[in-house]
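Please find below a short note for your reading. The sequence and the structure come first, and the numbered points follow.

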Amino acid sequence: MRTTRLISGVLAASATSALIGLGTAPAHAQTPDPSQPGVTHERGIVLGCTGRLGQRAVLANLYENRTYGNFLEIQVGEGDGAGEVNVSRQVAKRFVVKGRVRAHAVLAHHRVAVRGTAVRTSHVTPVHEVVEDAGLRIVSDGTHTRLRTKLTLIYGKRATKLACSDAFVYDLTVTKTSLVD
């Protein structure tokens, strides 16, 4: 299932990013060290969306994690060489508030934004997944609640609708144990 692989990848990326200093939380937050064994209760939202802006593919990933922070990734063009531009950054504010989605960044000297709605459905999926990353065995147990989305990506003066194949709220207990010991 793609959502299982995505959330596993997102959790692994959070742990790995924090190891190299890219995924650190805001200075005022007390967060556990993602590179250390332990148990965390992680809640948040994943929006993995794609679209087309003329002939160019677009990708927008919005990831909220109340434990480790919020991350935004937007890419315009795929495999276009010089025509491919992207931005990835951590932000303090949540992207989804009361069903309204708001995210923005600067990409190749142009403002890029994701706007629209993401509303919970009644479709809840139990989750149990195990991944190994950065010397840790990471076990996630909990639920994903599907979101119904209606999103638009705006890049400069152009806009396109986004299709979100991965759009869900997650509520997980994550247990990390060392593979070394």
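1. A search of the whole structure, which is a predicted model, finds two aromatic pairs. In one of them, the ring centres of Tyr 63 and Phe 71 lie 6.0 Å apart with their planes at 20°, so this pair is stacked. Planes under 30 degrees apart count as stacked.

2. The other pair joins Tyr 63 and Tyr 170: the centres are 6.1 Å apart and the planes stand at 10°, so these rings are stacked as well. Because Tyr 63 belongs to strand 2 (residues 56-65) and Tyr 170 to strand 9, the pair ties together parts that are 107 residues apart in sequence.

3. Through these ring pairs, Tyr 63, Phe 71 and Tyr 170 are linked into a cluster. Are its members buried or exposed? Both Tyr 63 and Phe 71 are buried. The relative accessible area of Tyr 63 is 7%, and Tyr 170 counts as buried at 1% relative accessibility.

4. The structure holds one disulfide. Cys 49 and Cys 164 form this link, with their sulfur atoms 2.0 Å apart. Cys 49 lies in strand 1 and Cys 164 in strand 9 (residues 158-178), so distant parts of the chain, 115 residues apart, are linked. The link is right-handed, with 95° about the S-S bond, and both Cys 49 and Cys 164 are buried.

5. Ser 35 is located in the loop between helix 1 (2-19) and strand 1 (38-53). Its relative accessible area is 19%, so Ser 35 is buried, the cut-off being under 20%. The side chain of Ser 35 makes a polar contact of 2.6 Å with the side chain of Asp 33.

Notes: Residues numbered from 1 in each chain as written. Predicted model: local features only at pLDDT ≥ 70, side-chain atom pairs only at ≥ 80, totals over all residues. Heavy atoms only, no water. Helix = DSSP H or I, 4+ residues; strand = E, 2+ residues; numbered from the N terminus. Buried < 20%, exposed > 50% of the residue type's maximum accessible area, 1.4 Å probe, protein only. Polar contact = N/O pair within 3.5 Å; in protein donor to acceptor, adjacent residues only side chain to side chain. Disulfide = S-S within 2.5 Å. Phe/Tyr/Trp six-rings, centres within 6.5 Å; stacked < 30°, edge-to-face > 60°.
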